[in-house]
Amino acid sequence: MLWKDDVSKMRVAASLLSADFAHLADEIKHVTDAGIEQIHIEVGDGIFSPNITIGAPVVKSLRKVTNAILEAHLMTVYPERKIEEFAQAGADLITFHIEATEQAQTVIHKIKGAGSKAGVALNPATPLCMIEELLYDVDVVLLMTAIPGASGQPLLKNSLDKVKRLHKIIRENNFKCLLEVDGGVNIENAQALREAGANILVAGTAIYDSTDVLASAALLKGE
């Protein structure tokens, strides 16, 4: 697994929701050849998230064709019921939503017990206090900066301020988790997000609609 805990190096995660689903293996190879280390796989159940997207069998198939970090972003109710299948399918990182469970600590321990890294996500309207007590125990905190479930949305107003506040909490408490941002990320706002404290930028259309993925990835990373 290509997991990197070095927070000094920016990482771009390609959002699979923006890829051509008829050619997923080729799409992943295309972006990883351009230096993108992580694939962000949106798992929507049609309940918590409005769209039904990808299940564990697809993750299992993708695991066979790439060594990239595979993140299963569970936009589902009862995430604790889905951890084992995604871990066994090959998800390196499993991220669940704080709004979707009343058993957050149990979910984190179950993810780690299954051999994956653990991430907690929160929607744009969810206050940071909902996840503060979990930051010492997770590997990633995923801050949604657009409404989950659809690609191509703009970065929501006040998102930068929320990223800055979360980064400050992580830094001041010496937490080891990485700060991931998902929603409306593009080349125009990437620098501001990096400066606000993001370690991982999830990009969809900014990657898959690009005519030069190598150049786009470098710009997103600030290289």
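Two strands count as paired if DSSP finds at least two bridges between them. Keep that in mind here, as we're looking at a predicted model in which strand β3 (residues 69–75) has 7 of its 7 residues buried, so the rest of the structure largely encloses it.

**Strand β3 and its neighbours**
- On one side, β3 runs parallel to β2 (residues 38–44), and 7 bridges join the two. Within that pairing, Ile-41 stands opposite Ala-72 in β3.
- β3 also runs parallel to β4, this time with 4 bridges. Here Leu-74 stands opposite Phe-96 in β4.
- To get from β3 to β4, the chain crosses through α3, and this β-α-β crossover is right-handed.
- Another right-handed β-α-β unit is made by β2, helix α2 (residues 56–63) and β3.

**Which way the β3 side chains point**
- In a regular strand, side chains alternate between the two faces of the sheet.
- Ile-69, Glu-71, His-73 and Met-75 point one way from β3, while Leu-70, Ala-72 and Leu-74 point the other way, and all are buried.

**Helix α4**
- Ala-104, Val-107, Ile-108 and Ile-111 are the buried residues to look for in α4 (residues 104–113). They sit on the same side of α4 because their arc around the axis is only 100°.
- Their cover includes α3 (83–89), β4 (93–97) and β5 (117–122).
- Just past α4, Gly-115 has a positive phi of about 95°.

**A loop serine**
- Ser-18 sits in the loop between β1 (11–15) and α1 (24–33).
- Its relative accessibility is 16%, so Ser-18 counts as buried, the cut-off being under 20%.
- A polar atom of the Ser-18 side chain lies 3.5 Å from the backbone nitrogen of Thr-205.

Technical notes: Residues numbered from 1 in each chain as written. Predicted model: local features only at pLDDT ≥ 70, side-chain atom pairs only at ≥ 80, totals over all residues. Heavy atoms only, no water. Buried < 20%, exposed > 50% of the residue type's maximum accessible area, 1.4 Å probe, protein only. Polar contact = N/O pair within 3.5 Å; in protein donor to acceptor, adjacent residues only side chain to side chain. Arc of directions from axis to C-beta. Contact = heavy atoms within 4.5 Å. Right-handed = clockwise from strand over helix to strand, strands pointing away.
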